[in-house]
Amino acid sequence: MVLFIACIGLSFWALAATAPRLLAHLNLATAQPYIEMVNRGEVLSSDERAILVEASRAALEWAPLAEPHMNLGALYVAELAREEDSVTRRIIASEAASELEAGLALRPLYSYGWTRLAVARSVLLGQEGKAVEALRSSLLTGPLAYDLMVPRLELGRTLLPALAPGDLDLLRQQTMRLYQAHNDTLRLYVVRMGRLDWVSFLLGDDPKVQEAFLEEFVRE
């Protein structure tokens, strides 16, 4: 009888311990379709945005998870890209940085979060050094995340005066990897953004590669 009562007590304890996380994940499931839209570059309606924000906030009320913070940070960075007013941009960037810092404290190897944090910090006044730190963490935690290389290249270009030699070396190494594995992505970046000089500079550690890359554009 005593053993039976003890088993019931343990069952209730286990349920009480896991219930908050379960409820947090149920709220995250509600937000999932909308964070996927954000990740695809789609613009949310006001109702969709509200659901994403409310579901993420509700999840955090139940358990300290990284994902709700990352969801909100991704949303704010996406909105940052569409905002033109400088004051509003800094407000959004501050909100994004706060959420991403909280999420990365719980999930420090998430390179996508570090890239977004670098974007947010690059907008904030006097945060260039911290933006470089976030970019460095992105490069180190996701060296093969080729889909992040274009935003990283743009960040590197923006933050170039604040980059340490080691940061520039990381950018050069990963630009070379992108050239070798996904040259079409690198070419598209150069064409769309007009970044031939910048990419040529990054490939400059290997003059043969640099020359071959430049020749592709001369032929066109």
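Which residues of H5 are buried? In this predicted model, where residues are numbered from 1 along each chain as its sequence is written, local features need pLDDT of at least 70 and side-chain atom pairs count only at pLDDT 80 or more, while totals for chains, interfaces and linings use all residues. Side-chain values use heavy atoms, with hydrogens and water left out.

The buried residues of H5 are Ser111, Gly113, Trp114, Thr115, Arg116, Leu117, Ala118, Ala120, Arg121 and Val123; buried here means under 20% relative accessible area, exposed means over 50%, and partly exposed lies in between (1.4 Å probe, protein chains only). Because 10 of its 13 residues are buried, H5 is largely enclosed by the rest of the structure. The helix covers residues 111-123, and its end C-alpha atoms lie 19 Å apart, in agreement with the 18 Å that 13 residues should span at 1.5 Å a residue. That expected span is 1.5 Å times one less than the number of residues.

Of the 220 residues, 41% are buried. Among contacts (heavy atoms within 4.5 Å) between residues at least 6 apart in sequence, 62% join residues at least 24 apart. The accessible surface, from the Shrake-Rupley method with a 1.4 Å probe and, for residues, only the protein chains shown as cover, comes to about 12,100 Å², and 59% of this belongs to carbon and sulfur atoms.

Charged pairs come next. The structure holds 7 salt bridges, each a side-chain nitrogen of Lys or Arg within 4 Å of a carboxyl oxygen of Asp or Glu. One of them joins the side chains of Arg136 and Asp167 at 2.6 Å, N to O. This pair links distant parts of the chain, with Arg136 in helix H6 (residues 128-141) and Asp167 in helix H8 (residues 165-181), 31 residues apart. Arg136 counts as partly exposed at 29% relative accessibility, whereas Asp167, at 6%, counts as buried.

Helix H8 also contributes Arg172, which is 33 residues from Asp205 in the loop between helix H10 (196-202) and helix H11 (207-219). The closest N and O atoms of the Asp205 and Arg172 salt bridge are 3.9 Å apart. Asp205 is exposed at 56% relative accessibility, and Arg172 is buried at 16%.

Definitions and conventions
Helix = DSSP H or I, 4+ residues; strand = E, 2+ residues; numbered from the N terminus.
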